Amino acid sequence: MILHHSPLSPFARKCRILIRAKGLDVKEVEAPKAGANGYAAGDNPLGKIPCLERPYPDVSLYDSPLICEYLDSLKEPWLPSTGEGRWKAYRAHRIGDGLSEVVYNRRYEVVRDESLHWPAIIERHDTAITNTVKYLDDIVQYLPNVWSFGTISIICALDYADFRAGHIDWRVIAPKLTKWHEGFTALPEWVSTNAYD
Ligand SMILES: N[C@@H](CCC(=O)N[C@@H](CS)C(=O)NCC(=O)O)C(=O)O
């Protein structure tokens, strides 16, 4: 199997952490950009990465939550198969992805010429980032202190927020979350996938 990715993508990083944590046999290939087509890699008509190419015809997988669920299913699944724990894990994964999405969208708002900036939407994104980090600080006692289907997403989102939305110092807003996040940063899967330093 081949995971088409970009080292800076928080969505791809979740998959890369999962691959390492479970010791899965997946080759990681950095995808080239192809202008209006997005990323020309794998078989994703949306032109987005990550995309997982599997050894069957016409069954590449995208997007990252689906890839993560598939990879997770291959070895001692983290995602509970039934019950409330399953919905909690999906929810944690989703809030992390939502934070990454908002940081990503903000980035594409501010990366263009300043005359084209839309202040109200930048404020909307900044408020969503701040509110989400505060929310995560409030619920951090319910989050596992180990890699899980949910925590991969939140950790990747917080690091991406540092990288692309550093004007919001989430560590000041969220001291309990800061401590929780620190618990992951010495793990080999975190270190070997961290492209932001
Ligand atoms: N919902 C998708 C989002 C993936 C995504 O937005 N990837 C970005 C890189 S971080 C991308 O491929 N952007 C290229 C483009 O849209 O042209 C997922 O979770 O996989």
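This is a predicted model: local features need pLDDT of at least 70, side-chain atom pairs count only at pLDDT 80 or more; totals for chains, interfaces and linings use all residues.
A salt bridge here is a side-chain nitrogen of Lys or Arg within 4 Å of a carboxyl oxygen of Asp or Glu. Good morning, colleagues.

Let me begin with D72 and K22. These two residues form a salt bridge, with their closest N and O atoms 2.7 Å apart. The pair links distant parts of the chain, 50 residues apart: K22 belongs to helix α1 (residues 10–22), and D72 to helix α2 (residues 64–73). D72 has a relative accessible area of 1%, so D72 is buried. K22 counts as buried because its relative accessibility is 6%.

I turn next to D126 and R106. Their side chains meet in a salt bridge of 2.6 Å, N to O. This pair, too, links distant parts of the chain: R106 lies in helix α3 (residues 84–110) and D126 in helix α4 (residues 119–139), 20 residues apart. Both D126 and R106 are buried.

Finally, please consider E101 and R94. The salt bridge between them has its closest N and O atoms 3.0 Å apart. How does accessibility describe these residues? E101 counts as partly exposed because its relative accessibility is 30%. R94, at 43% relative accessibility, also counts as partly exposed.

Thank you for your attention.

Methods
Residues are numbered from 1 along each chain as its sequence is written. Side-chain values use heavy atoms; hydrogens and water are left out. Helices (H or I, at least four residues) and strands (E, at least two) are DSSP runs, numbered from the N terminus. Buried means under 20% relative accessible area, exposed over 50%, partly exposed in between (1.4 Å probe, protein chains only).
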